[in-house]
Amino acid sequence: MEARVSQSLQLSSWINSDKVVRKPGGCLRFSEKWNEKLMHRTVISCHLQPRKANRRVALKVSCSSHNVQASVLDSECITASTDEIETLKNKSEEVKEYLDGRCIYLVGMMGSGKTTVGRILAETLGYSFFDCDRLIEQAVGGTTVAEIFKLRGESFFRDNETEVLHKLSAMHRLVVSTGGGAVVRPINWRHMHKGISVWLDVPLDALAKRITAEGTKSRPLLHEESGDIYDKTLKRLTTLMETRGENYANASAKVSLENIAVKRGKDVCHVTPTEITLEVLIQIENFLKKQESVVVL
């Protein structure tokens with residue numbers, strides 16, 4: 001199979017630079033007339049760069065936005081085989097037939113890969129990608145989620161998270177990465193159920209390893225406590241899952257990394273973003289086909 005040595009796709013979505021104003025009580029709200037005001041473009045671009053030696057290509061996923069500080073921009077490189085990319089492309093074409101432009105919301109615990117998988121999924125489907133956490137950070141002038149929790153409190157963050165989901169739910173052809181706690185509020189589910197939600201279910205021990213390796217400073221719900229960082233991270237994740245597990249189960253579809261690992265004969269920690277993205281497409285297709293058959297009956 002021949003790999004295309006140069007492939008670049010730019011997906012454009014429109015964000016209004018004036019869409020957010022502050023309520024008297026300190027909470028953010030979106031202006032009702034933001035569609036009439038000056039807008040600027042966020043460009044999500046994905047590039048396939050060839051690696052001839054092992055017939056693998058580097059899928060470079062980057063997100064940039066005019067008028068947004070560099071500190072809130074992301075760029076990452078994901079290696080995938082040409083066969084994996086071709087499989088993703090083919091499956092996405094099958095799924096598009098059933099999606100009909102509906103938005104996709106990725107839910108799951110912190111560190112479950114929602115942002116990385118979301119970007120690949122959006123590029124594959126020709127959708128635009130949004131990260132709820134980043135939208136909130138941009139709205140408050142580039143302040144990080146951790147800083148928002150510390151300075152404003154969790155309620156302030158959750159209120160704005162709900163407002164962001166409300167606005168995004170009125171749009172089409174989006175892949176949205178939600179915060180780990182977005183599933184707790186029932187109103188958020190009312191917004192997400194306008195589209196299709198997918199739970200990325202990752203074993204807690206694998207999550208703890210990943211988060212420990214990345215560092216916990218950006219995770220506001222992982223308290224700085226004495227003791228082994230892996231142990232305290234696993235303990236906190238276990239507590240969060242006990243309170244959120246039933247909420248995650250409300251998703252339209254579930255993608256279990258443990259099941260992917262078993263099918264592919266590898267450790268969960270070695271499951272790749274492209275493998276997860278493919279499983280997301282498969283589970284979305286299964287859900288939509290089942291939904292369609294129920295309507296026919």
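Visitor: Which residue just after H9 takes a positive phi?

Guide: This is a predicted model, in which local features need pLDDT of at least 70, side-chain atom pairs count only at pLDDT 80 or more, and totals for chains, interfaces and linings use all residues. Residues are numbered from 1 along each chain as its sequence is written, and side-chain values use heavy atoms, leaving out hydrogens and water. Helices (H or I, at least four residues) and strands (E, at least two) are DSSP runs, numbered from the N terminus. Just after H9, a positive phi of about 65° is taken by Gly265.

Visitor: Within what arc do the buried residues of H9 fall?

Guide: Buried means under 20% relative accessible area, exposed over 50%, and partly exposed in between (1.4 Å probe, protein chains only). In H9 (residues 257–264), the buried residues are Leu257, Ile260 and Ala261. The arc is taken from the directions from the helix axis to the C-beta atoms. Seen down the axis of H9, these residues line one face of the helix, because they fall within an arc of 100°.

Visitor: Which exposed residues does the face of H9 turned away from its buried side carry?

Guide: The buried side of H9 holds Leu257, Ile260 and Ala261. The face turned away from that side carries Val262 and Lys263.

Visitor: What is the bridge partner of Asp131 in S9?

Guide: Two strands pair if DSSP finds at least two bridges between them. S8 (residues 128–131) and S9 (residues 174–177) pair in the parallel sense over four bridges. In S9, the partner of Asp131 is Ser177.
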